[in-house]
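Student: I have a new model to read. Please take me through its features one at a time.

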Amino acid sequence: MPLTPADVHNVVFKKPPIGKRGYDEDEVDAFLDVVEAELARLIEENNDLRASGGSGSPARDERPESAPMTVAAPPPPPAQPTAPSVREDEAIRASRMLALATETAERHVNEAKAQADQMVGSAKSTSERMLSEARAKSEQMVSEAKNRADSMLGDARTRADTMEREARAKATALAQDAERKHVEAMGSLEEKRASLDRKVEELRTFEREYRTRLRSYLESHLRDLDSRGSAEPATNNRQNQHVSA
């Protein structure tokens, strides 16, 4: 595709990244302005040359019949023999400037592409490195959390086992203490019961002896009363007989 002044005017170069080498933007713009003006002039001259070389005879003016006849202007003087060579030199110089501008533009574009590729590669490498570091860090955090959880679980199991053993030991001690107290209480109750049984037996023995003694005492008194009652009538009969005599 041919290069036009509009292409030179509208070309845009990317700025180099910070820390990278590049050309001065003002100088590049000034050079492009010169190339644009020279290219426009060369294109105009080329069009003029084509127009002058294509016309073999001067053009006749076509006028209506009512117009007055006028004398045609004399043909232009022949070009100096040195003009084509000057124009050729200018065309060669413009072509060289155009080639230089094209080369400069292509170099800028290639440098921009290389810098962009380098930045993309660097960003890709940085992102991959960050992703790798993030994965390694996440795996490390997961491993540490798992180790902490295992440690906490082990401590909890150890504490649970210790508390269970202590609870069982306390329960066994309480059961043994309760059984011992129960045995002691039952023994004390048995002793008290035996003592009460002995006292009851003593009281029963005392009751039997007391009843026996009371019965004997009462029987002896009854016998005394009976003997006294049988003796009193005989005495009374004797006294009556003495009175009557």
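**Reading the chain**

Tutor: The chain has three helices and zero strands. Helices (H or I, at least four residues) and strands (E, at least two) are DSSP runs, numbered from the N terminus. This is a predicted model: local features need pLDDT of at least 70, side-chain atom pairs count only at pLDDT 80 or more, and totals for chains, interfaces and linings use all residues. Residues are numbered from 1 along each chain as its sequence is written, and side-chain values use heavy atoms, with hydrogens and water left out.

Student: In what order do the elements run from the N terminus?

Tutor: The order is α-α-α.

Student: What share of the 245 residues is buried?

Tutor: Buried means under 20% relative accessible area, exposed over 50%, partly exposed in between (1.4 Å probe, protein chains only). Here 6% of the 245 residues are buried.

Student: Is Glu38 buried or exposed?

Tutor: Glu38 counts as buried because its relative accessibility is 15%. Glu38 sits in helix 2 (residues 25-54).

Student: Which side chain does Glu38 join in a polar contact?

Tutor: A polar contact is a pair of N or O atoms within 3.5 Å; within protein, one must be able to donate a hydrogen and the other to accept it, and residues adjacent in sequence count only if both atoms are side-chain atoms. The side chain of Glu38 joins that of Arg41, at 2.4 Å.

Student: And Leu214: where is Leu214 found?

Tutor: Leu214 belongs to helix 3 (residues 82-244). Its relative accessible area is 35%, so Leu214 is partly exposed.
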